[in-house]
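Let's take a walk through this structure together. Have a look at the picture first, then read on.

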Amino acid sequence: MRILKEIINKKSGRIAFFVLILLYFSVIFAPFFAPYPYDDDDVLHSYAPPTKIHFLNLKEKQFGPFIYGQTYEVNEYYQRVYQKDESKIYPIKFFTKGFKYKFLGLWETDRHLFGVGKGKIYLLGADLKGRDIFTRILYGGRISLSIGLIGAAISLFIGLIVGGLSGYFGGRVDNFTMRICEMVMMIPSFYLMLALRASFPPNLSSTQVYLLIIVILSFIGWAATARIIRGMAISLRENEYVYAAKAMGLSHFKIIIRHILPHTLSYALVAIVLRIPAYILGEAGLSLIGLGIQEPEASWGNLLSSAMGIVNIRLFPWILIPGLFIVVTVVCFNMLGDTLRDILDPKRRIL
Amino acid sequence: MGRFILKRLVFSLPLLLGITFLTFLFIQIAPGDFLDKLRLNPQVSQEAIKIYEQKFHLDKPLMVQYFVWLRNILKGDFGYSFSFKAKVFDVVSSRLFNTFILSLSSLIFTWIFVIPLGVIAALKRNKFTDRFLSFTSYLGISAPSFFLAFIFLYLATFTGWLPLGGMRSIRFEEFSLLGKIIDIGKHLIIPTLVLSIGSICVLQRIMRANLLEVLGSPYILGAKARGLPKIRILYIHALKNALNPMITIFGYQFSALLSGAALVEIIIGWPGLGVVTLEAVRSQDIYLVMGSVLAGGALLILGNLVADILLGFFDPRIRYDKT
């Protein structure tokens with residue numbers, strides 16, 4: 001609680017903290033904020049640009065936020081050119097009824113933050129199949145943002161155990177585990193990721209892929225943490241209280257859990273926050289090249305995969321927006337991590 | 001020095017063995033192999049598949065296969081790529097060269113900027129320039145390379161000055177030698193920028209911290225007290241010592257660069273090691289995967305070795321010959 005207070009007292013920490021809260025909040029309540037289901041396609045609006053929101057139309061005496069209908073013509077390059085159809089006006093209604101979903105998985109409801117009735121509103125444009133990118137970002141964030149947290153937590157856990165054991169016992173155990181750590185750290189992570197992904201069949205269900213990505217990323221990530229925890233454990237094991245605990249007959253396991261690892265926790269907290277971006281980026285990278293989360297499921301990485309063609313980027317730049325969400329999230333985690341480090345470890349404030 | 005290099009190379013052999021064995025294991029765990037495609041093809045007879053199986057020892061246990069592969073490498077045979085229908089050595093060596101060019105150019109580009117920017121930030125500590133550099137490096141660190149690649153490609157579509165991906169123009173073969181070099185150089189600009197920005201941002205901060213630390217040390221104070229000119233203190237006494245830790249980082253950067261390069265290569269369409277590995281993994285082209293992992297590992301070990309040798313040149317306290 002004290003740490004939270006100190007974070008909020010610092011400007012950069014405060015900004016990062018609240019942006020992250022906002023992101024996680026909107027992702028958890030994705031169906032409420034999203035106007036459409038994530039796989040709701042509409043061929044008539046393939047690559048529709050972001051819808052402009054108007055506030056005033058004197059002819060029709062329309063006030064407040066509304067959108068016009070959309071039609072398209074095919075031009076001489078066989079591309080669709082979308083135009084607004086001023087004869088159709090759809091006012092934006094708040095807390096309106098839409099598709100049915102389970103609120104937090106508990107009870108069924110059909111209330112949404114906003115909706116336009118029969119019109120189609122694309123806040124951030126549409127993709128190839130005419131799906132709303134805003135909706136898909138919200139749903140994709142569920143995967144991208146949770147993979148970061150879970151992956152970092154798992155690899156931190158492995159790192160604490162391995163690092164603690166290896167630092168505490170030293171000698172041959174230490175030597176062996178450290179060589180393995182070095183090997184894992186030395187292999188370029190992207191190639192390791194590919195090799196690991198290759199050891200599983202290519203067509204898995206979404207849940208399986210999700211779990212697999214977490215396993216792969218934690219497998220790559222534990223080594224760096226283990227090395228640093230090991231370094232701390234080596235110096236911690238020479239403390240008098242550890243000798244005292246040994247003299248009193250406490251088992252090795254209990255000494256590590258009770259007397260060594262708690263001292264590494266403040267470092268671990270900083271490390272976990274600073275490492276989350278790596279997991280988010282790892283998922284994005286895998287999904288981007290088609291080895292991660294598969295369609296129709298959304299993740300920030302596979303949303304970007306439609307940007308792989310240069311023509312798509314040029315004609316429909318809004319498909320890059322999911323990337324902005326990745327950048328914002330990563331910036332925030334970095335800022336939060338740095339603030340945490342300043343609070344917990346004032347000595348390293350040089351950087 | 002010669003002995004040191006030899007020693008390092010010998011010690012890196014187990015590492016290479018470990019990496020390749022792990023990769024081999026991972027790929028063999030996966031269900032199916034590259035012959036599945038042939039098995040499904042009605043035009044290929046069962047006998048032909050049998051011959052293939054025997055030729056590549058696919059009917060033998062895993063360990064035997066691995067050692068057969070190792071033995072063949074010692075003979076200079078890196079295996080056969082089923083998807084490229086060519087020798088793995090030929091496929092990988094040309095791609096390795098492309099990746100090497102890209103990595104080298106981004107390394108050079110990075111270090112041209114890192115040292116001056118770090119020095120400027122340290123000298124203008126907490127002034128506007130420093131704060132500006134710190135802010136931009138925050139953004140640069142956080143922007144993933146693949147996103148930067150997309151952004152640069154998007155910007156490039158408007159200007160038309162730079163080629164949009166790939167490594168050579170369509171009419172590459174018609175150019176003179178100079179024209180070819182210029183053509184590749186033009187194609188290099190975007191991937192180099194994309195790969196360098198992140199590391200420039202990180203390393204520039206580290207350089208600043210190093211220099212500040214050195215500038216605060218007693219011997220600099222001593223030099224100041226003796227009335228040495230500021231420029232001499234900075235460039236001769238401080239900078240050299242601030243550079244030492246950077247050279248170690250230089251070696252480790254190679255690993256990060258290689259994995260960063262793979263994704264950017266795939267997006268930009270640079271025909272490097274990353275693209276080949278991805279292809280190979282997708283089609284379970286086992287010897288090609290092994291070949292490119294081996295090549296990547298070798299490149300890495302070479303990078304670390306170069307860093308150690310450089311460190312020996314810059315830091316007179318390190319003597320490799322005596323050990």
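## Chain A at a glance

Chain A has 12 helices and 5 strands. Those come from DSSP runs numbered from the N terminus, with helices being H or I over at least four residues and strands being E over at least two. What you're looking at is a predicted model, where local features need pLDDT of at least 70, side-chain atom pairs count only at pLDDT 80 or more, and totals for chains, interfaces and linings use all residues. As for labels, residues are numbered from 1 along each chain as its sequence is written, while chains are lettered from A and ligands numbered from 1 in the order in which they are written.

The C-alpha trace of chain A spans about 90 × 45 × 45 Å along its principal axes. Of its 351 residues, 40% are buried (20 or more other C-beta atoms within 10 Å of a residue's own; exposed is 12 or fewer, partly exposed is in between, and C-beta atoms are placed from the backbone).

Chain A holds an open sheet of 3 strands in the order 1-2-3, paired antiparallel. Two strands count as paired if DSSP finds at least two bridges between them. At the edges sit strand 1 (54-57) and strand 3 (80-91) of chain A, each pairing on one side only.

Strand 2 (residues 62-74) of chain A is joined to strand 3 of chain A by 9 bridges.

## The nonpolar core

Which residues touch the most other members of the largest nonpolar core? They are Ala195(A), Ala149(B), Val264(B) and Val289(B), out of 154 residues. Such a core is a set of buried Ala, Val, Leu, Ile, Met, Phe, Trp, Tyr and Cys residues joined through C-beta atoms within 7 Å. Helix 9 (residues 252-288) of chain A brings the largest share, 16 residues.

Zoom in on Ala149(B): leaving aside neighbours within four places in sequence, Ala149(B) is in contact with Val194(B), Val264(B), Ile267(B) and Ile268(B). Contact here means C-beta atoms, placed from the backbone, within 7 Å.

## Where the chains meet

The contact takes 35 residues from chain A and 42 residues from chain B. On the side of chain A that touches chain B, helix 6 of chain A gives the most, with 8 residues.

Conventions: Two residues are in contact if their C-beta atoms, placed from the backbone, lie within 7 Å.
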